[in-house]
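Dear colleague,

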Amino acid sequence: MSRTPRVNAEFLALPLSVLADAALTRARELGAEYAALRVVSTRTQFLTLHDLDLETSITSDDVGLAVRVVHDGSWGFAAGVVLAPGEAARLAERAVAVAQVSGQVSTDRVVLADEPAYPDGQWSSPYEVDPFTVSDPDKIAALVDLSERLKAEDGVDHTQATLQAVRENVFYADLAGTSTTQTRIRIEPELTATTVDRATGAFETMRTLSPPAAAGWEYVLGAEADLAGQIAEIPELLAAKVKAPSVRAGDYDLVIDGTNLFLTIHESIGHATELDRVLGYEAAYAGTSFATFDKLGTFQYGSPVMNVTGDRDTDWGLASVGWDDEGVAGQHWDIVRDGILVGYQTDRAMASLKSLGRSNGAAYADSARHVPLQRMVNVSLQPDPSGGSVEDLVAQVDDGIYIVGDKSWSIDMQRYNFQFTGQRFFRIENGAITGQLRDVAYQATTTDFWRSMEAVGGPSTFYRGGALNCGKAQPGQVSPASHGTPAALFRGVRILNTVQEAGH
């Protein structure tokens, strides 16, 4: 489905250039080497239905402006909520004052990697219907209709439907002459079915696999999400899951669907290759990384069939932008090539610190209140152009498991030791799927896991997964990121029985 990108007209009506002139003029007068104004307006909506009844309906707006500077080699930052030239100038003064104080305690001198100027830039993510132009009653009616179809099926005792929508408008201007305006729209619908054993109280759940998307309301009811098709299949799958045997712990060959593998990519590659984490600048919130800088260009991250890219310019990417929050244009680069670690995700300061040349545009802040920092981009495992289908991968397995859908996970502070579960598990015997299993989790170190990857599927297996709420920093921020991935075949991975592990 083609979509026409467009910047939100309501945001463009704000006095953006006037605010930029006031802030940047004052920052220049005070001797800032770098200064940028951001104006951010974000609208977020959460809707939740439980058993057809509306349980949650929250719509929030977050609007503000911020000035960030480098003054005498130190960062300074100030934010406010009054969109007026006088306030913009005052924030520039305060940001410089903060930098002056920071300079008294910091020994690191901030130097930013060079970036061309982009005057009068406009960009938006692709969408057809802004979800905030659709009335709440119409949204709720659509969720009720989908829930009714799901709950009408035998064996479905409870349903839950959720919808999250975000519209983010960002204006950025800096002393180098860049001035950009962007609109990003994101949406995530989800339906969950629960079946309950009345005699024992035991229950099982299963949910749709449609990922969050850089799209508008059209995604919710369209063929791309295919919610109607999925809810028609879930009851039968759920009934079979209830009767399925519990897995026997041991080593198995795995075919992992993209609906599960995207999360493993996020945790074991995406976070591990953020350069600020690698260098120890991000440590308190969620640790650092085993993928230290001395490994760049030589370290065998995975098998030779492993090719991972980072990008901020894929049209479907949740992290895609025209320019990041430091004025760096969206681009595409290699992180792992033929199994070797060849790149990181960087902002301008990190790129300069390690003499990597141009930043690859990973700076982002989730509101005007927060300082931009290095955040995860779209990190994707590339399919084999001549690779086959899921069935072709399954045919190569004599004794294994096919894993579909993400669920819970755990990973250590170095992004090295991990454990992942899933939603649906299918026994593979002699190259064929023979039924479902329960209570499955796979456990490995990051390098053992990715080095055990023998084959990746072709483009027909490619799945565009992702998350809207990746967390980082103190105070905490969330950011969206997509992870494209084909299905893949892994040899000899350790499988745990989650019920037995819980019993220990």
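Glu 93 is partly exposed, with a relative accessible area of 35%, and Arg 26, at a relative accessible area of 25%, is likewise partly exposed. Please bear in mind that this is a predicted model. The side chains of Glu 93 and Arg 26 meet in a salt bridge, with a distance of 2.8 Å from N to O. Because Glu 93 belongs to helix H3 (residues 85–105) and Arg 26 to helix H2 (residues 16–29), this pair ties together parts that are 67 residues apart in sequence. Across the whole structure, the search finds 29 salt bridges.

Another of these pairs joins the side chains of Arg 184 and Glu 168, at 3.1 Å from N to O. Arg 184 lies in strand S6 and Glu 168 in strand S5, so the contact links parts that are 16 residues apart in sequence. Both Arg 184 and Glu 168 are buried, and both are among the residues that line the largest cavity.

Arg 494 also forms a salt bridge, in this case with Asp 251, and the closest N and O atoms are 4.0 Å apart. Since Arg 494 is in strand S24 (residues 488–497) and Asp 251 in strand S8 (residues 250–256), the pair ties together parts that are 243 residues apart in sequence. Arg 494 counts as partly exposed, at 39% relative accessibility, whereas Asp 251 is exposed, with a relative accessible area of 53%.

Turning to the cavities, the count comes to 2 of 30 Å³ or more. The largest cavity has a volume of about 60 Å³, and strand S5 (158–174) and strand S6 (179–196) each supply at least two residues of its lining. By class, that lining has 4 nonpolar, 1 polar and 5 charged residues, including Trp 323, Asp 324 and Tyr 364.

The second largest cavity holds about 50 Å³ of space, and here strand S1 (34–50) and strand S2 (53–71) each contribute at least two lining residues. Its lining comprises 7 nonpolar and 3 charged residues, with no polar ones, and among them are Leu 37, Arg 38, Phe 77 and Pro 372.

With kind regards

How values were computed. Residues are numbered from 1 along each chain as its sequence is written. This is a predicted model: local features need pLDDT of at least 70, side-chain atom pairs count only at pLDDT 80 or more; totals for chains, interfaces and linings use all residues. Side-chain values use heavy atoms; hydrogens and water are left out. On a 1 Å grid over the protein atoms alone, a cavity is a set of points where a 1.4 Å probe fits but cannot get out, and a pocket is an open set with protein on both sides within 12 Å along at least five of seven lines; lining residues have an atom within 4 Å of a point. Grid points are joined across faces, edges and corners, and a volume is the space filled by probe spheres set on the points. Helices (H or I, at least four residues) and strands (E, at least two) are DSSP runs, numbered from the N terminus. Ala, Val, Leu, Ile, Met, Phe, Trp, Tyr, Cys and Pro count as nonpolar, Asp, Glu, Lys and Arg as charged, and the others, Gly among them, as polar. Buried means under 20% relative accessible area, exposed over 50%, partly exposed in between (1.4 Å probe, protein chains only).
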